[in-house]
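Dear colleague,

Please find the structure below, with the sequence alongside. A summary of the findings follows it.

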Amino acid sequence: MTFVFDPAPTVSVPVVGSPLRFPVHRIYCVARNYVDHAIEMGQIGREAPFFFMKPADALVVVNAGDTADLPYPSLTHNLHHEIELVVAIGKGGKNIKAVDAHQHIFGYAVGLDMTRRDLQNEMKKQGRPWCIAKGFDHSAPIGPITLVADAGDITQAEIALQVNGVERQRSQIAKLIWNIAETIEHLSAAWALQPGDLIYTGTPAGVGAVVPGDLLTGSITALGDLTLTVQAA
Ligand code: MN
C-alpha cells in the first residue's frame, strides 16, 4: 500500500523487564474518581463514572530512570497536575463484567493527566467539550508499563506526586470511587475496548498548578517513579 504521505509512527510504551513495547490504541480517562478530588472539584456523592479521551500521540513516554521534558502548553495560565494510575489493556472486549475484568489487563503504569484548568473551567461553564483542556499535545505523561504479575496487589498501592520535592498529592488506589474492574465494566459498555488501550483512572485530591522549571515526580507502589521537568513554552 502506498500512502499520500508517511503515516504517523505507532505510539508505544516500554514494558518493564521486556524488550517488547506496548503499542497504544486509545487513551480513556475517568473523571472525578476519588471522593476527596470530587469534593475539591465541587461534586458531592457517588455519580456514575464519566469519561473523556486524549489522543494517543498526546503521550509523553518517559523511560525508567529518565527525567523527561514537559513543554508548557499554549493558551493556559493554569496548567494542573493530576497523578493517576494507568491501566493498560492487553485483551479487548465489549460489555466486560467487573468479575472478568482482570483477564483484560496487561499491566499498570504511572501517568499524569495534565490539564489546562482555566480552559476546563471555562468549557464547563459554557457546557462545551473538554478536549482543549484535556487532550492537548504532551498532556499525557506516562512511565513504563509493569506487568500485572510484577505489580503486586495494585489495590493496596499508594499513589503520590511531589513538585520540587514537596508532596502535593497522596492517596491509596483502594480509595478509587469506581475501582479498576468496575471502570472496565462501564467503559466497555460504551466502547469496544482494544488491546493497546490505556485507561487513566482518575486523580486524588491536591491538584494544583505547575510552572516552567518545576520538577514533577509521580509514584505508585511497585511501579517506579515518573519524573519530568516543565519547560518554558
Ligand atoms: Mn484526571
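**Strand pairing and overall form**

Leu 161 has Gly 218 in β17 as its bridge partner. The model is a predicted one, in which local features need pLDDT of at least 70 and side-chain atom pairs count only at pLDDT 80 or more, while totals for chains, interfaces and linings use all residues. Residues are numbered from 1 along each chain as its sequence is written, and side-chain values use heavy atoms, with hydrogens and water left out.

Strands pair here if DSSP finds at least two bridges between them; strands themselves are DSSP runs of E with at least two residues, and helices are runs of H or I with at least four, both numbered from the N terminus. β13 and β17 (residues 215-220) are joined in the antiparallel sense by five bridges. β17 in turn pairs with β18 (residues 224-231), again antiparallel, over six bridges, and here Gly 218 has Leu 226 as its partner in β18. The hairpin of β17 and β18 has three residues between the strands, and Ala 222 in the turn shows a positive phi of about 75°.

β13 (residues 158-163) also pairs with β14 (residues 166-172), antiparallel and through six bridges. Gln 162 faces Glu 167 in β14. Two residues lie between the strands of this hairpin, where Asn 164 adopts a positive phi near 50°.

Elsewhere, three strands form an open sheet in the order β10-β7-β16, with antiparallel pairing. β10 (115-116) and β16 (208-209) are at the edges with a single partner strand each, so one side of each has no neighbour in the sheet. β7 (residues 79-81) is joined to β10 by two bridges, and His 80 stands opposite Thr 115 in β10.

Arg 117 lies in helix α2 (residues 117-126). Is Arg 117 buried or exposed? Its relative accessibility is 3%, so Arg 117 counts as buried; buried means under 20% relative accessible area, exposed over 50%, and partly exposed in between, with a 1.4 Å probe and protein chains only. Beyond its neighbours within four places in sequence, Arg 117 is in contact (heavy atoms within 4.5 Å) with Met 41, Asn 78, His 80, Glu 82, Lys 134 and Val 207.

Two loop residues other than glycine also have positive phi values. Arg 32, with phi near 40°, sits in the loop between β3 (27-30) and α1 (35-40). Asn 95, with phi near 50°, is in the loop between β8 (83-89) and β9 (105-112); at 51% relative accessibility, Asn 95 counts as exposed.

As for the protein as a whole, there are four helices and 18 strands. The radius of gyration, taken over C-alpha atoms with a globule rule of 2.2 Å times the number of residues to the power 0.38, is 17 Å, close to the 17 Å given by the rule for 233 residues, so the protein is as compact as a globular protein of that length. The C-alpha trace spans about 50 × 40 × 35 Å along its principal axes. Of the 233 residues, 50% count as buried. Among contacts between residues at least 6 apart in sequence, 76% join residues at least 24 apart.

Yours sincerely
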